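Dear colleague,

I am passing on the structure we spoke about, and I would be glad if you could look through it with the notes below at hand.

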Amino acid sequence: MQYSKKEYLDYLNQKSPNSTIIKDIICAFLVGGIICVIGQAFYDLYNKAFGIDEETARTAVSVTMVFLGAFLTGINVYGKIAKYAGAGTLVPITGFANAIVSPAMEFKKEGLVLGLAAKMFVIAGPVLVYGITASAFVGVIYYIIGLMGGSL
Amino acid sequence: MNNKLGKQTVKINDVGIISSAAIVGEKEGKGPLADSFDIVLPDNEWNEKTWEKTESKMQREAVKLSLTKIGLTTENVDRIFSGDLLNQCIGAAFGLRDLDIPYYGIYGACSTMVEGISLAAQIIDGGFADVAAAVTSSHFCTAERQYRNPLEYGGQRTPSAQWTVTGAGSAILKKGEGDVKVTHITAGKIVDMGVKDANNMGGAMAPAAYSTIKAHFKERNISPSEYDLIVTGDLGKIGAEILVELLQKDGIDISSNYKDCGCMIYNIEEQDVHAGASGCGCIGSVLCGYLLPLMKKKEISSLLAVGTGALLSPTSTLQGETVPTIAHAVSLKTRE
């Protein structure tokens with residue numbers, strides 16, 4: 001071999017095409033934006049048209065969007081959008097639904113308990129662990145600041 | 001009788017491939033080699049409950065088909081060498097369990113087809129078997145769930161990623177017969193150039209192919225022009241380009257008679273497979289379905305088939321290990 005390991009990795013890096021970042025960012029922005037607009041439309045519908053109070057309407061929007069994400073995953077559409085949208089479909093709450101539903105569908109064949117249920121959080125698990133930990137941590141800071149008479 | 005030509009290469013005296021069969025999935029059945037395959041699956045399941053069962057069925061049916069083509073039954077086969085990509089090689093073991101043939105399970109990742117042919121040819125030439133079979137398979141869905149994410153998960157693939165072929169290939173070897181003779185075998189060494197990116201398999205495996213091909217030419221004291229065609233298993237666009245350049249630097253020019261099965265089985269752009277195809281079934285189906293019949297028809301008379309494999313596991317990738325790779329080569333010649 002004419003290359004050392006380090007030289008080979010540099011060479012390989014130069015040979016391998018990079019992701020089309022600008023295109024990916026634009027697609028993510030557009031699709032992610034559209035998902036948020038849909039969410040806002042549901043909020044307006046619940047809050048203004050149905051007269052549901054602000055907090056309940058927000059929760060209802062989350063429930064609706066999670067349902068849509070799960071439903072589109074189930075009929076094999078979400079993954080196809082995500083192929084182009086990337087982070088645009090990953091970051092909103094619909095992406096969370098996709099991350100839960102897709103392994104649940106796939107691992108159903110290994111049984112309802114050790115397959116579906118156990119594997120359901122295989123992708124979303126880390127998000128839950130670190131998300132909940134971080135929120136608890138922030139809660140403690142918030143509390144301490146409150147004790148000191150400050151406000152956020 | 002010394003058949004050892006060097007550390008890696010041996011000479012095979014009189015073994016031929018008497019039959020072969022290939023079964024592929026739906027997507028492969030829409031690619032440029034569609035007409036070459038014996039069976040194209042109607043869907044991912046092929047009437048089975050799980051994809052793993054489908055993959056096993058593909059192996060079993062490929063073996064049966066390659067035997068019926070020449071009027072043999074499983075009774076006539078002395079040894080079978082098989083492997084696949086699934087944990088503990090269940091594709092092979094479950095698929096072949098009812099065939100009642102003495103079985104050796106092998107694992108060479110995507111080089112398994114060529115590894116199997118190598119072992120079958122040597123065991124026959126050594127006089128330990130008269131007829132032996134080499135089989136392998138991969139299935140896009142079983143590979144994805146083992147190595148990557150669930151199918152419905154919304155993720156993006158990097159441009160260097162390769163698409164796992166749904167396909168199985170079976171080759172039957174016999175002493176003294178067959179239109180295609182196995183003339184030489186070069187066993188690969190494990191090569192690791194420190195690549196960690198599990199989404200750039202072609203780039204990781206190219207040095208292994210380089211090492212084996214170079215050893216083959218050196219130990220046989222021949223040049224690439226000896227072959228009508230040199231094929232590698234699944235280096236894909238990136239790996240294939242690197243292989244040609246690596247050999248070129250050593251003064252070995254394969255640019256005019258070299259192809260990669262990973263670049264042959266799909267219309268790469270149209271079928272959106274990024275850097276090309278991969279999987280045991282890639283060279284498995286291309287060799288057994290397309291190349292061997294081509295040799296039988298004497299459209300090519302000499303072929304160097306190089307199976308390339310990445311010997312990683314999902315665990316090793318998570319633990320941040322580099323990717324060890326291997327390439328096995330078998331030299332085939334149409335019988336005069």
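The notes that follow take up salt bridges, one arginine, a strand and a surface patch in turn.

Please keep in mind throughout that this is a predicted model.

Salt bridges

Over all chains, a search of the whole structure finds 17 salt bridges. One of them joins B:Arg145 to A:Glu106, with the closest N and O atoms 3.3 Å apart, and this pair crosses between chains, running from helix α4 (residues 140-147) of chain B to helix α6 (residues 93-106) of chain A. B:Arg145 counts as buried because its relative accessibility is 10%, and A:Glu106 is likewise buried, with a relative accessible area of 5%. The two residues also belong to a network of salt bridges that links A:Glu106, A:Glu110, B:Glu52 and B:Arg145.

Within chain B, the side chains of B:Lys214 and B:Asp250 meet in a salt bridge at 3.0 Å, N to O, and this pair links distant parts of the chain, 36 residues apart, with B:Lys214 in helix α5 and B:Asp250 in the loop between α6 (236-249) and β10 (258-260). B:Lys214 is partly exposed at a relative accessible area of 30%, and B:Asp250 counts as partly exposed at 29%. A salt bridge is also found between the side chains of B:Glu48 and B:Lys57, at 4.0 Å from N to O; here B:Glu48 is partly exposed, with 24% relative accessibility, whereas B:Lys57 is buried, with 13%.

B:Arg220 is found in helix α5 (residues 201-220) of chain B and is buried, with a relative accessible area of 18%. Its side chain makes a polar contact of 2.8 Å with the side chain of B:Tyr227, and, leaving aside residues up to four places away in sequence, B:Arg220 touches several others, including B:Thr183, B:His184 and B:Ser331.

Strand β13 (residues 325-334) of chain B is mostly covered, nine of its 10 residues being buried. This strand pairs in the antiparallel sense with β8 (residues 180-186) of chain B over six bridges, where B:Val182 stands opposite B:Leu332, and it pairs in the antiparallel sense with β12 (residues 302-310) of chain B over nine bridges, where B:Ser302 has B:Lys333 as its bridge partner.

Surface patch on chain A

A nonpolar patch on the surface is formed by A:Val140, A:Tyr143, A:Ile144, A:Leu147 and A:Met148, which together have about 580 Å² of accessible area. Among them, A:Ile144 lies in helix α8 (residues 125-147) of chain A and is partly exposed, with a relative accessible area of 42%.

With best regards

Terms used: Residues numbered from 1 in each chain as written. Chains lettered and ligands numbered in written order. Predicted model: local features only at pLDDT ≥ 70, side-chain atom pairs only at ≥ 80, totals over all residues. Heavy atoms only, no water. Patch = residues over 30% accessible without salt bridge, like charges linked within 9 Å, V, L, I, M, F, W, Y side chains within 5 Å. Areas by Shrake-Rupley, 256 points an atom, 1.4 Å probe, with all protein chains shown as cover. Helix = DSSP H or I, 4+ residues; strand = E, 2+ residues; numbered from the N terminus. Buried < 20%, exposed > 50% of the residue type's maximum accessible area, 1.4 Å probe, protein only. Contact = heavy atoms within 4.5 Å. Polar contact = N/O pair within 3.5 Å; in protein donor to acceptor, adjacent residues only side chain to side chain. Pairing = 2+ DSSP bridges.
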